[in-house]
Amino acid sequence: MRLLILGGSQFLGRAIAARACAAGHKVTCAARGTSGPIASGASFVAVDRDVPGGLEPLARLAFDAVVDVSRHPGQVRRAVAALKQRTGHWTFVSTVSVYADNRTPGQRADAAPLRAPTAPEVDYSSEEIYGAAKVACEQAVGESAFICRAGLIVGPEDPTGRFTYWPARLARGGEVLAPGAPQDAVQFIDVRDLAQWIVHAAQSGLTGIYDGIGPTRTRGELLAECAAALGSSCTFTWVDRAFLEAHDVRRWAGPRSLPLWLPLPDFAGFATRDTRPARNAGLNVRALSETACDTLEWLRTANGPVVGLTSDEEREVLVAWHAGGRAS
Ligand SMILES: NC(=O)c1ccc[n+]([C@@H]2O[C@H](COP(=O)([O-])OP(=O)(O)OC[C@H]3O[C@@H](n4cnc5c(N)ncnc54)[C@H](OP(=O)(O)O)[C@@H]3O)[C@@H](O)[C@H]2O)c1
């Protein structure tokens, strides 16, 4: 295939390019070139999707398939207008943040209600409207495309430092502050598995709307399996939402967070999406142990980012917990 990636200089886009190059495809990455390098073996074309005529450098090139990772409806509309009619297969990488309901467990991509899209004149401008902007992007892409609504993407080269917190923390061993309860659900996808599926979708002409995410696991399994894979000896102290919130431990990502923690029941549906349709359509996931070990190795060799509680902050919360200062 002659594969065009609109993007390709960041985490997922770069992994898609690497996977496609390894499979023998001719890969072009089109971006400004400010986010990072592209995969070795791919070609780079400089474009700026925010300026009129910004896709002109692609005008005389032909592609069998396009993958677009944009989160800006205007960029997506312009790419569709310039390229879609003369391209065999179109993939748009969307997100599970398009869904309106994060509470109901077990939802499927083909039936779950969506957020209202951003109005046509509003382009993406803040994280708060990320999901709504992606709905508008999906609408701009239209039918006869592969819409891949990715869930939490993890693995080597993750620029967010979220999942990375856990291999880094578990590798240190000892008493680990764990959020919520061991049976709470978590759901994610290794970037390399998602990339492989996206290349497979382009190769096989897959169309339709799917959630691109791995199976639901419990947080207890996640932590225990990662610790075992890393050969680390850990004990887990599970601390409830009220106590964490009372001690300013934050959710999901960022400073003072316990990454990947989303309070229940508000997010009971977020990590329990039904992924049977994706599995039936060719999405395969590797062992968690491989993701954990490779992420830690990358973190150490590349000095990658990690967010979340510092070890001092974690210790302070554990000390308070053991002292019995539990919130009601
Ligand atoms: N990370 C997650 O956990 C997660 C979860 C769900 C869904 N997703 C989705 O998965 C995808 C992740 O993609 P990604 O990892 O490749 O990162 P990304 O941050 O979405 O990459 C954006 C790409 O577009 C390029 N770009 C940005 N502005 C541009 C412009 N004006 N003109 C031309 N190119 C431009 C960037 O390159 P330059 O800066 O070099 O131009 C970069 O290669 C996204 O669609 C995201 O919404 C991610």
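**Reading the model**

Modeller: Let us begin with helix α4 (residues 165-172), in which 6 of the 8 residues are buried, so α4 is largely enclosed by the rest of the structure. Buried means under 20% relative accessible area, exposed over 50%, and partly exposed in between, with a 1.4 Å probe and protein chains only. Helices (H or I, at least four residues) and strands (E, at least two) are DSSP runs, numbered from the N terminus. This is a predicted model, in which local features need pLDDT of at least 70 and side-chain atom pairs count only at pLDDT 80 or more, while totals for chains, interfaces and linings use all residues. Residues are numbered from 1 along each chain as its sequence is written, and side-chain values use heavy atoms, with hydrogens and water left out.

Colleague: Which residues of α4 are buried, and against which elements do they pack?

Modeller: The buried residues are Tyr165, Trp166, Pro167, Ala168, Arg169 and Leu170. Contact means heavy atoms within 4.5 Å. By that criterion, the buried residues of α4 pack against the strands β8 (174-179), β13 (234-239) and β15 (257-259), and against the helices α6 (219-229), α9 (288-302) and α10 (311-322). After α4 comes Gly173, with a positive phi near 70°.

Colleague: How is a pair of packed helices described?

Modeller: Two packed helices are described by the angle between their axes and the distance between the axes. The axes are lines fitted to C-alpha atoms, for helices over the stretch in contact, and the angles run from 0 to 180 degrees between N-to-C directions. Here, helix α1 (residues 11-22) packs with helix α5 (residues 191-204) at about 60°, and their axes are 8 Å apart. That angle makes α1 oblique to α5; under 35 degrees counts as roughly parallel, over 145 as roughly antiparallel, 65 to 115 as roughly perpendicular, and the rest as oblique.

Colleague: Is the crossing of α1 and α5 left-handed or right-handed, and which residues meet?

Modeller: A crossing is right-handed if the near helix is turned clockwise from the far one by less than a right angle, and left-handed if anticlockwise. The crossing of α1 with α5 is right-handed. From α1, Phe11, Leu12, Ala15, Ile16, Arg19 and Ala20 meet Val191, Leu194, Ala195, Gln196, Ile198 and Val199 of α5.

Colleague: Where is Gly254 found, and which residues does it touch?

Modeller: Gly254 is in the loop between β14 (250-252) and β15, and it is buried, at a relative accessible area of 16%. Not counting residues up to four places away in sequence, Gly254 touches Val307 and Gly308. Its C-alpha atom is separated by 8.5 Å from that of Leu309, 55 residues apart along the chain.

Colleague: What should I note in the backbone of the other loops?

Modeller: The peptide bond from Leu264 to Pro265 is cis, with omega near 5°; Pro265 is in the loop between β15 and α8 (276-280). Ser144 is not a glycine, yet its phi is positive, near 60°. Ser144 lies in the loop between α3 (130-141) and β6 (146-150) and is exposed, with a relative accessible area of 59%. Asp248, also not a glycine, has a positive phi of about 60°. Asp248 is in the loop between α7 (241-246) and β14 and counts as partly exposed at 37% relative accessibility.
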